[in-house]
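Colleague: I've got a fold open on my screen and I'd like to learn how to read it. Could you walk me through it?

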Amino acid sequence: MTFDPAAVQHAYEAIAGDYATKFTNELEVNDFDRAIVDAAIAAVAHGEIVLDVGCGPAQVSRRAIAAGAAAVGIDLTPAMLSIARRQVPSLPLTCADVLALPCRRGVAAAAIAWYSLHNVPRRLMPPALTELRRVLQPGGVVVIATHGGQGEEIIEQKRGDGSETVTITYYEAEELTSLAAEHGLAPGVLRERLPLDHEHQCRKLYLTATAT
């Protein structure tokens, strides 16, 4: 299956405003999710780098900066980066793909991929995890929030006179933890919850792991 970053970019450009409305303040009101993010940030020393991978409206970065970390927002979609810039003006931002992060090896104390890896086809999850491991310090923390379930869903979207496809990939807990362990990320805690009304209607998985 082909991964088309432009198709993902176009999909999120179309919904950027609505997405920001739904999720900009989610960590202020969702105790379950906030606890996971805050626990990862708490493991980072003052001034160390937290990579917000697929930052969207920068809800994760905002909490990292408030806690004294040096957050960096990374997103594939310029429209999302524009919203992040308005939400957190001091946040360094870059437009990039998780498969090729513009960061040197071992630069980050933590990497938080908050609902960004589900748009990577399953066959490309190993290189995505390898790339996350590359940018982490030994002992660095990674958090992956993603969609629970099985298989892949292919969504076709109109684009000009043609169409593009975007993949939503679903993972069972055992598969996600095994993949992480195979690519240099020692699984720690895995949590699950049911979806909220405004979310994509599937189980939510949250894996916290450590770079070996």
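**Reading the fold**

Modeller: Let's begin inside. By class, the residues lining the largest cavity are 15 nonpolar, 5 polar and 2 charged. Keep in mind that this is a predicted model.

Colleague: Fine. What is the volume of the largest cavity?

Modeller: About 290 Å³. The structure holds 2 cavities of 30 Å³ or more.

Colleague: Which residues lie nearest the centre of the largest cavity?

Modeller: Its lining has 22 residues, and Val8, Gly54, Asp75, Leu76 and Ser116 lie nearest the centre. Helix α1 (5–23) and strand β2 each supply at least two lining residues, and the largest share, 3 residues, comes from α1.

Colleague: And the second largest cavity, what lines it?

Modeller: That one has about 40 Å³ of space. Tyr19, Asp52, Gly54, Cys55, Gly56, Pro57, Gln59, Val60 and Trp114 form its lining. By class they split into 5 nonpolar, 3 polar and 1 charged.

Colleague: Now the open side. How much space lies in the largest pocket?

Modeller: About 560 Å³. The pocket is lined by 21 residues, with Tyr12, Ile15, Tyr19, His118 and His200 nearest its centre.

Colleague: Which element gives the most to that lining?

Modeller: α1 does, with 7 residues. Strands β6 and β7 also supply at least two residues each. The pocket's lining divides into 10 nonpolar, 6 polar and 5 charged residues.

Colleague: Let's turn to the strands. How do I read a sheet?

Modeller: The general idea is that strands of a sheet pair through backbone hydrogen bonds, either parallel or antiparallel. Here, an open sheet of 7 strands runs in the order β3-β2-β1-β4-β5-β9-β8, and its pairing is mixed. At the edges sit β3 (93–95) and β8 (185–193), each pairing on one side only. Neighbouring strands of this sheet are turned by 15° against each other on average, direction ignored.

Colleague: In which sense do β8 and β9 pair?

Modeller: Antiparallel: β8 and β9 (residues 204–211) are joined over 8 bridges. To find one on screen, look for Leu185, whose bridge partner in β9 is Ala211.

Colleague: Last topic, charges. How should I read a salt bridge?

Modeller: As a rule, side chains of opposite charge can pair when their charged atoms come close. With a 4 Å cut-off between the side-chain nitrogen and the carboxyl oxygen, the count comes to 10 salt bridges. One of them joins Glu28 to Arg62, with the closest N and O atoms 3.2 Å apart.

Colleague: Why does the pair of Glu28 and Arg62 tie together parts that are apart in sequence?

Modeller: Because Glu28 lies in helix α2 (residues 26–29) and Arg62 in helix α4, the pair links parts that are 34 residues apart in sequence.

Key. Residues numbered from 1 in each chain as written. Predicted model: local features only at pLDDT ≥ 70, side-chain atom pairs only at ≥ 80, totals over all residues. Heavy atoms only, no water. Pairing = 2+ DSSP bridges. Helix = DSSP H or I, 4+ residues; strand = E, 2+ residues; numbered from the N terminus. Axes fitted to C-alpha atoms, helices over the stretch in contact; angles between N-to-C directions. 1 Å grid on protein atoms, 1.4 Å probe; cavity = no way out; pocket = protein on both sides within 12 Å on 5 of 7 lines; lining within 4 Å. Points joined across faces, edges and corners; volume = space filled by probe spheres on them. Nonpolar A, V, L, I, M, F, W, Y, C, P; charged D, E, K, R; others polar.
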